[in-house]
Amino acid sequence: MDKLIIKGNKKLKGEVEISGSKNAALPILTSSILAEGKNIFKRIPELRDIATMGKLLVNLGADFSFDKGTVIIDSSSICNFEAPYDLVKTMRASVLVLGPLLAKYGRAKVSLPGGCAIGQRPINLHLIGLEKMGASIKLESGYVIAKTGRLTGASIYFDIPSVTGTENIMMAATLAKGTTVIENSAREPEIVDLANCLISMGANIRGAGEGIIEIEGVDSLHPAIDYEIIPDRIEAGTFMTIAAITGSNLLLKNCRSEHLDAVISKLKDIGISLDLTEKGLRIMCKETPSSVDIKTMPYPGFPTDMQAQFMALMSIARGTSIIRETIFENRFMHVAELRRMGADIAIEGGTATIRGVDKLRGAPVMATDLRASASLVVAALAAKGQSTIHRIYHLDRGYERIDEKLRKLGADIQRISS
Ligand code: EPU
């Protein structure tokens, strides 16, 4: 297992190119199941999760190739309809094949994802929605087994605006007979990107990003040609916290600042300057940031995927910050590790109280999930002395060559492969 060794307490400088979005790319790659022929997607990040999705699609019978950010998927030869446990257990987003397989082939067998480090994460909303559209669903030996004739449009209300739930139903509805309305749908930029991709394939979708999505089914879709994925807002936000915690001046290129309003607003509250220029988003940090309170919320609220990185930042802020996690019930796995680096954090239920300390100190720490790993990198870059971050395969699931990018900015960071 690879590990990272970081010698922190250094200012960084320069520009960094933000990669394509992992969470936009994953559903977009599965949308290729809906259209026979050669689908071409651009700016796909080279990540472990993308490789896993490739394996899953190949396992279904599709042709999949990845070359310098371009993914070509020919789904004409799909002949297997199962997402096996071994793949789903390494990546929950595998469940995104369920909607497209049912809509296109009328059958799917997908391993139930089960709980994960950050919470229970059920998929009941995906299943209720598909049942409303006419699918018959049973759970057997840890698998969802779903069958249907042509799906029919339905009115679906989500109790919680689930991101992948919205994506699964939206994809299923593109080929259904009649109109589907998803109320209280997720509004994340990744939902809009998937809708735009599906529209480019001939789907009829209105309202993506607005909370009520209306999809009028069509008989068939054509392959996506050169569809370019949006930049990764969470990677951009992570680099913002890195700039803030190290007191650095960075230029983020290929960054859509409008996808990061909540994060940018909090950064401004703590005294960070951000300036949108023709070249990109410039972030300038001179003084120690002040404390701020945060509550994670579905988009456009503050993203849960930025909570851990912000907590690392708040651990050296002036004053006390309160962070409330409302999306996942167990997303404070990074706290024990940040404490090993000297952070003063108390947890009670879903609330963390962070009392800023003058300095973090390097330590050996363990990555437990993707964003928790990112928070340890953020903290280690500011910490005095050396940190070793173990189990960085979590980090490689969602950050494209983060060690290389940081080295280019002047960080003392080394990957040790084993
Ligand atoms: N929920 C249910 N029932 C469902 C679906 C969700 O109760 O059927 C609950 C979940 O347990 C959770 C809340 O609803 O408490 C929100 O979950 P959601 O379904 O929106 O999360 P997700 O679709 O599984 C995506 C991202 C996550 C991100 C969340 C929230 C992808 C592939 N994953 O997960 O990304 O944290 O939305 O924004 O898009 C990450 O990239 O590190 C990551 C975990």
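We'll begin with the ligand and its surroundings, then move to a helix.

A quick note before you click: this is a predicted model, where local features need pLDDT of at least 70, side-chain atom pairs count only at pLDDT 80 or more, and totals for chains, interfaces and linings use all residues. Numbering runs from 1 along each chain as its sequence is written, and side-chain values use heavy atoms, with hydrogens and water left out.

**Stop 1: the ligand shell.** You'll get 21 residues, and the closest are Asn124, Ser162, Thr164, Asp305 and Ile327. Colour them by class: 10 are nonpolar, 6 polar and 5 charged (Asp, Glu, Lys and Arg count as charged; Ala, Val, Leu, Ile, Met, Phe, Trp, Tyr, Cys and Pro as nonpolar; the others, Gly among them, as polar).

**Stop 2: polar contacts.** Look for N or O pairs within 3.5 Å. A polar side-chain atom of Asn124 sits 2.7 Å from a ligand nitrogen. Lysine 22 brings a polar side-chain atom to 3.1 Å from a ligand oxygen, and at leucine 125 a backbone N or O atom is 2.7 Å from a ligand oxygen. The protein covers 87% of the 830 Å² of accessible area the ligand has on its own (Shrake-Rupley method, 1.4 Å probe).

**Stop 3: helix α10.** Now select residues 307–314 (helices are DSSP runs of H or I, at least four residues, numbered from the N terminus). How many of the residues of α10 are buried? Here, 8 of 8, including Phe310 and Met311; buried means under 20% relative accessible area, with a 1.4 Å probe and protein chains only.

Technical notes: Buried means under 20% relative accessible area, exposed over 50%, partly exposed in between (1.4 Å probe, protein chains only). Helices (H or I, at least four residues) and strands (E, at least two) are DSSP runs, numbered from the N terminus. A residue is near a molecule or strand if one of its heavy atoms lies within 4 Å of it. A polar contact is a pair of N or O atoms within 3.5 Å; within protein, one must be able to donate a hydrogen and the other to accept it, and residues adjacent in sequence count only if both atoms are side-chain atoms.
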